[in-house]
Each structure stands twice: as structure tokens, then as C-alpha cells.
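Trainee: I would like to learn how to read a structure feature by feature. Could we take the features in turn, with the general idea before the particular case?

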Amino acid sequence: EGQQTQFERVMRWCSQQHTGLPLTFLLGFYVSLVVKRWWEQYTKLPWPDKTAFLLRGLMRGDEEKARIVRRTIIRYCILSYVLCIRRLSIRLRKRFPTMRTIAKTGLVRQDEANRIGDEESSQMYGSNWWMPLKWCAEIVDDAQKNNMIPSAPGYATILNELSAFRACLTNVAAYGHIPVPLVYTQVVTLAVYIYFIVSLI
């Protein structure tokens, strides 16, 4: 009978604690944090459209040569995008598992792929995804020296856009490699377990 009385006291205590657990607050905070990170990561994804518009409007000279330069710069931008995002996206990784599969699409030549490397490292700084953007800057510099970009402000605008493109990819990569602090996940998991254990008792 003493054990039954003690058990009833434990049940009453659990019932009191059950109503005081801030589970809704914890779950709401955690879910809002995860959704906010996902949305911010999505909004930071860069688009090459603006770069293409700027190149089309600001690059002059021989039409065929200018077209090849524009296409090469955009190809390098998309190549950097693919190399960066495939480290974070499982679907893109399956679509382009190796540099050889990327080369088959025409995004990268074999000599360029050799300069970039095999891109198999999973470390945050183990990738050369930024290298094609560096080549873009060199191409734009050569185009400006060859008077294909006669306007100095136009030259600066194109470089600024390439820099912004790289900054966006860097931010996305940082989101992928720096997850939600583990303590948040542990606290929420522990709170949910305790809540259901107390509820069952």
C-alpha cells in the first residue's frame, strides 16, 4: 500500500509537470529556425541572368568574338554553380557524380577539369568551385584591354556582378557546412521524450 501511495504521488507530480513543459515554445522555436535557414539559403542562390544581360549590353567589338567571350563567361559561372551546389545537394551529386560527367555536358573542357581537380573532397575548403569565376575575371580583364568593354564603369559593373555571384555561392556553401548547433536539436529531442514519458505515466 505504501508503494501505491508513492506511485500516486509520482503520478500527481508528473501531471503537474506535464502542464508546465514549454514544449510548444521549444518546437515552434526550433521549426522556425530550421525553416528560416532553409529560406535564407534559397534566397542566396545566385542567378546568372543579370551577368548575361550586363555582358550583352556592355561588351562591344567583333560580334563573333564577343559572343564566344560572353558564352565562356556564362559557362564558367554555371560551372562554378554546379561545382559548389553539388557538394550540398544529393540530387545534383547524383546527376554529376564526377568531373567526367560534368565534362560530358560541355560545361567544362578536359584541360579545365584537370586544373580544377577531381572535386571529391567533402571538406568545406577542399573544393576549387571558385576557380572558374577567377577565370571569368581574367577574361573580362582581357576584354577590357582589347577594347571590347570600352566603358570603365561597365567594366567595374561586370566585375562587381561576378564578385556578387561568388559571394552568394560562398554564403550558400557556408549554410551547408555550418548546420544548426547540435545543442538545439538535443534540447528539443530531450524535451519531446520527457513530455511523452510524463504523459504516459
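Trainee: Where does E119 lie, and is E119 buried or exposed?

Mentor: Helices here are DSSP runs of H or I with at least four residues, strands are runs of E with at least two, and both are numbered from the N terminus. E119 sits in the loop between α7 (110–116) and α8. A residue is called buried under 20% relative accessible area, exposed over 50%, and partly exposed in between, using a 1.4 Å probe and protein chains only. E119 has a relative accessible area of 3%, so E119 is buried. Please keep in mind that this is a predicted model, in which local features need pLDDT of at least 70 and side-chain atom pairs count only at pLDDT 80 or more, while totals for chains, interfaces and linings use all residues. Residues are numbered from 1 along each chain as its sequence is written, and side-chain values use heavy atoms, with hydrogens and water left out.

Trainee: Which residues does E119 touch, not counting residues up to four places away in sequence?

Mentor: A contact means heavy atoms within 4.5 Å. With those sequence neighbours set aside, E119 touches L83, R86, R93, M99, S127, N128 and W129. L83 is 36 residues from E119 along the chain, yet their C-alpha atoms are separated by 7.8 Å.

Trainee: What is a nonpolar core, and which residues touch the most other members in the largest one?

Mentor: In soluble globular proteins, nonpolar side chains tend to be buried together. A nonpolar core is a set of buried Ala, Val, Leu, Ile, Met, Phe, Trp, Tyr and Cys residues joined through side-chain atoms within 4.5 Å. The largest one here has 39 residues, of which M59, I73, I102 and I116 touch the most other members. Two or more residues come from each of α3 (49–58), α4, α6 (99–104), α7, α8 and α9 (152–177), and α4 gives the most, with 11 residues. Leaving out residues up to four places away in sequence, I102 touches L79, V82, L83, R86, F96, L107 and V108.

Trainee: How many aromatic pairs does the structure hold, and how should I read them?

Mentor: Rings of Phe, Tyr and Trp (its six-membered ring) pair if their centres lie within 6.5 Å; planes under 30 degrees apart count as stacked, over 60 as edge-to-face and the rest as tilted. The structure holds 4 aromatic pairs. In one of them, the rings of W38 and W39 have centres 5.9 Å apart and planes at 45°, so this pair is tilted. W38 is exposed at 53% relative accessible area, while W39 is partly exposed at 47%. Y76 and W135 form an edge-to-face pair, at 5.2 Å between centres and 65° between planes. That pair links distant parts of the chain, 59 residues apart, with Y76 in helix α4 (residues 63–85) and W135 in helix α8 (residues 131–145). Both Y76 and W135 are buried.

Trainee: What is the phi of N147, and where is N147 placed?

Mentor: Most residues other than glycine have a negative phi. N147 is not a glycine, but its phi is positive, at about 65°. N147 is placed in the loop between α8 and α9, and with a relative accessible area of 60% N147 is exposed.

Trainee: How many helices and strands does the chain have?

Mentor: The chain has 10 helices and 0 strands. Buried residues make up 30% of its 201 residues.
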